[in-house]
Amino acid sequence: MLGDQDAQATVAVRDLTVARPFYEEILGLKPLPSDQPNVQAFQAGKSLVLVYESQFAGGNKATVLTWALGDTFDAAVEMLRDRGVVFERYDLPGMGHDGDVHVAGGMRVVWFKDPDGNILSLGNY
């Protein structure tokens, strides 16, 4: 049943007034109308990203949101770098580095954090 339904990412933040410019201006997501002051939905392609205020924000140490970009990966990495995003560097088994990009065979990935420390990623898959 759920395999045929769309899903949305849900990301907790401490302060939506701080998080919203990051998701809207840095990442370029389109904000959707909202009548709730502590909740903001964004359009990301055909997906929705729901950002909401929570006292538990930023506690997750794993990736919360990933974009699979295919051939547009390198352009997106450059765009984020130009907008001041700092990429994380992890030492992961079987992965090397090409600057900020983690590489394993043909797979290329970058990780970065939002203002609350939530881990986001881009991949070329």
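A residue is termed buried when its relative accessible area is under 20%, exposed when it is over 50%, and partly exposed in between. The structure described here is a predicted model. Under these cut-offs Glu78, with a relative accessible area of 38%, is partly exposed. Arg81 also falls in the partly exposed class, because its relative accessible area is 31%.

Glu78 and Arg81 are both located in helix 2, three residues apart, which is about one turn of the helix. A salt bridge joins the two, with 2.2 Å between the closest N and O atoms. Arg81 takes part in a further salt bridge with Asp100, at an N to O distance of 2.9 Å. Since Arg81 belongs to helix 2 and Asp100 to the loop between strand 6 and strand 7 (101–104), this pair ties together parts that are 19 residues apart in sequence. Asp100 has a relative accessibility of 31% and is therefore counted as partly exposed.

In total, the structure holds seven salt bridges. One of them is formed by Lys113 and Glu88, whose closest N and O atoms are 3.9 Å apart. Here, too, distant parts of the chain are linked: Lys113 is in strand 8 and Glu88 is in the loop between helix 2 and strand 6, at a separation of 25 residues. Both partners are partly exposed, Lys113 with a relative accessible area of 38% and Glu88 at 21% relative accessibility.

The largest nonpolar core comprises 27 residues, and Tyr23, Leu27, Phe112 and Leu122 have the most contacts inside it. Two or more residues are contributed by each of strand 1 (9–13), helix 1 (16–26), strand 3 (39–44), strand 4 (47–53), strand 5 (63–68), helix 2, strand 8 and strand 9 (119–123). The greatest contribution is that of helix 1, which supplies five residues.

Tyr23 is buried, as its relative accessible area is 0%. Apart from residues up to four places away in sequence, Tyr23 touches Val11, Gly28, Leu29, Phe42, Val51, Leu65, Asp114 and Leu120. Tyr23 also belongs to an aromatic cluster together with Phe22 and Phe42.

The count of aromatic pairs comes to four. In one of these, the ring centres of Phe22 and Tyr23 are 5.3 Å apart and the planes stand at 85°, so the arrangement is edge-to-face. Phe22 counts as buried because its relative accessibility is 10%. Tyr90 and Trp111 make up another edge-to-face pair, with a centre to centre distance of 5.6 Å and an angle of 75° between the planes. Tyr90 is in the loop between helix 2 (73–82) and strand 6 (96–98), whereas Trp111 is in strand 8 (residues 107–113), so the pair ties together parts 21 residues apart in sequence. The two residues fall into separate accessibility classes: Tyr90 is partly exposed at 25%, and Trp111 is buried at 13%.

Asp114, one of the residues touched by Tyr23, is situated in the loop between strand 8 and strand 9. Asp114 is buried but has no salt bridge, and Arg14, the nearest side chain of opposite charge, is 7.0 Å away. Polar atoms of the Asp114 side chain do, however, lie 2.9 Å from the backbone nitrogen of Asp116 and 2.9 Å from that of Asn118. With residues up to four places away in sequence left out, Asp114 touches Val11, Val13, Phe22, Tyr23 and Leu120.

Ser121 is part of strand 9. With a relative accessible area of 2%, Ser121 is buried. Beyond its neighbours within four places in sequence, Ser121 is in contact with Thr63, Leu65, Thr66, Trp67, Val109, Val110, Trp111 and Phe112.

Gly45 is found in the loop between strand 3 and strand 4. This residue is counted as exposed because its relative accessibility is 65%.

How values were computed. Residues numbered from 1 in each chain as written. Predicted model: local features only at pLDDT ≥ 70, side-chain atom pairs only at ≥ 80, totals over all residues. Heavy atoms only, no water. Phe/Tyr/Trp six-rings, centres within 6.5 Å; stacked < 30°, edge-to-face > 60°. Buried < 20%, exposed > 50% of the residue type's maximum accessible area, 1.4 Å probe, protein only. Helix = DSSP H or I, 4+ residues; strand = E, 2+ residues; numbered from the N terminus. Core = buried A, V, L, I, M, F, W, Y, C linked by side-chain atoms within 4.5 Å. Contact = heavy atoms within 4.5 Å. Lys, Arg positive; Asp, Glu negative; His and termini not counted. Salt bridge = Lys/Arg side-chain N within 4 Å of Asp/Glu carboxyl O. Polar contact = N/O pair within 3.5 Å; in protein donor to acceptor, adjacent residues only side chain to side chain.
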